[in-house]
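Trainee: I have a model open and would like to work through it. Where do we start?

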Amino acid sequence: MDLFKVGKLYHIGIAVHDALKVAKLYSDVLGLKIEHDETVPDQGVRAIMLSNDKSNSSAIELLEPVVENSSISKFLEKRGEGMHHICYLVEDINVGIKFLEDKNIEMIDRVPREGLNSTIVAFAHPKSLNGVLIELAQKV
Ligand code: ZN
């Protein structure tokens with residue numbers, strides 16, 4: 001299973017009520033710039049990616065619910081705004097899913113699904129990973 005290569009920390013997902021408002025705050029305070037802004041009605045989410053284009057550091061993904069009963073709106077109701085998940089880039093997401101399952105990590109997505117910003121993604125269950133929701137993403 002040494003085919004499974006985890007790349008860099010791609011982004012940290014943060015659940016918020018108003019992504020644009022938070023994007024402006026983070027731009028002012030942290031000097032981040034909006035890199036991508038996408039609304040995906042199927043997933044019930046608007047996602048704004050912020051990064052510091054000079055440092056090549058990992059991005060921040062602000063997630064705002066756009067419909068009721070989406071996973072992000074449920075998260076906000078239960079836990080309020082804050083860190084939602086961390087995402088690692090992988091070379092081959094199917095190899096990544098199998099690798100984690102072989103290590104007894106429970107996957108939320110056993111089959112990759114379409115992600116934001118030209119990716120396919122799969123989430124691992126936080127109960128298998130010390131309370132942290134981990135997303136694997138492969139660029140397509
Ligand atoms: Zn994400």
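**Zinc site and cavity**

Mentor: Start with the ground rules. This is a predicted model, where local features need pLDDT of at least 70, side-chain atom pairs count only at pLDDT 80 or more, and totals for chains, interfaces and linings use all residues. Residues are numbered from 1 along each chain as its sequence is written, and side-chain values use heavy atoms, with hydrogens and water left out.

Trainee: How many cavities of 30 Å³ or more does the structure hold?

Mentor: A cavity is a set of points, on a 1 Å grid over the protein atoms alone, where a 1.4 Å probe fits but cannot get out. With the cut-off at 30 Å³ or more, the count is one.

Trainee: How much space lies in the largest cavity?

Mentor: A volume is the space filled by probe spheres set on the points, which are joined across faces, edges and corners. For the largest cavity, that gives about 50 Å³.

Trainee: Which residues line the largest cavity?

Mentor: Lining residues have an atom within 4 Å of a point. The list is Tyr10, His11, Met49, Glu61, Leu116, Asn117, Thr119, Val121, Glu135 and Ala137.

Trainee: Which residues coordinate the zinc ion?

Mentor: Donors are N, O and S atoms within 2.8 Å of the metal (3.2 Å for Na, K and Ca); water is not among the atoms, so sites may look incomplete. Here the distances are 2.0 to 2.3 Å. The residues are His11 (NE2), Glu61 (OE), His85 (NE2) and Glu135 (OE).

Trainee: Are His11 and Glu135 buried or exposed?

Mentor: Buried means under 20% relative accessible area, exposed over 50%, partly exposed in between (1.4 Å probe, protein chains only). His11 and Glu135 are both buried.

Conventions. On a 1 Å grid over the protein atoms alone, a cavity is a set of points where a 1.4 Å probe fits but cannot get out, and a pocket is an open set with protein on both sides within 12 Å along at least five of seven lines; lining residues have an atom within 4 Å of a point.
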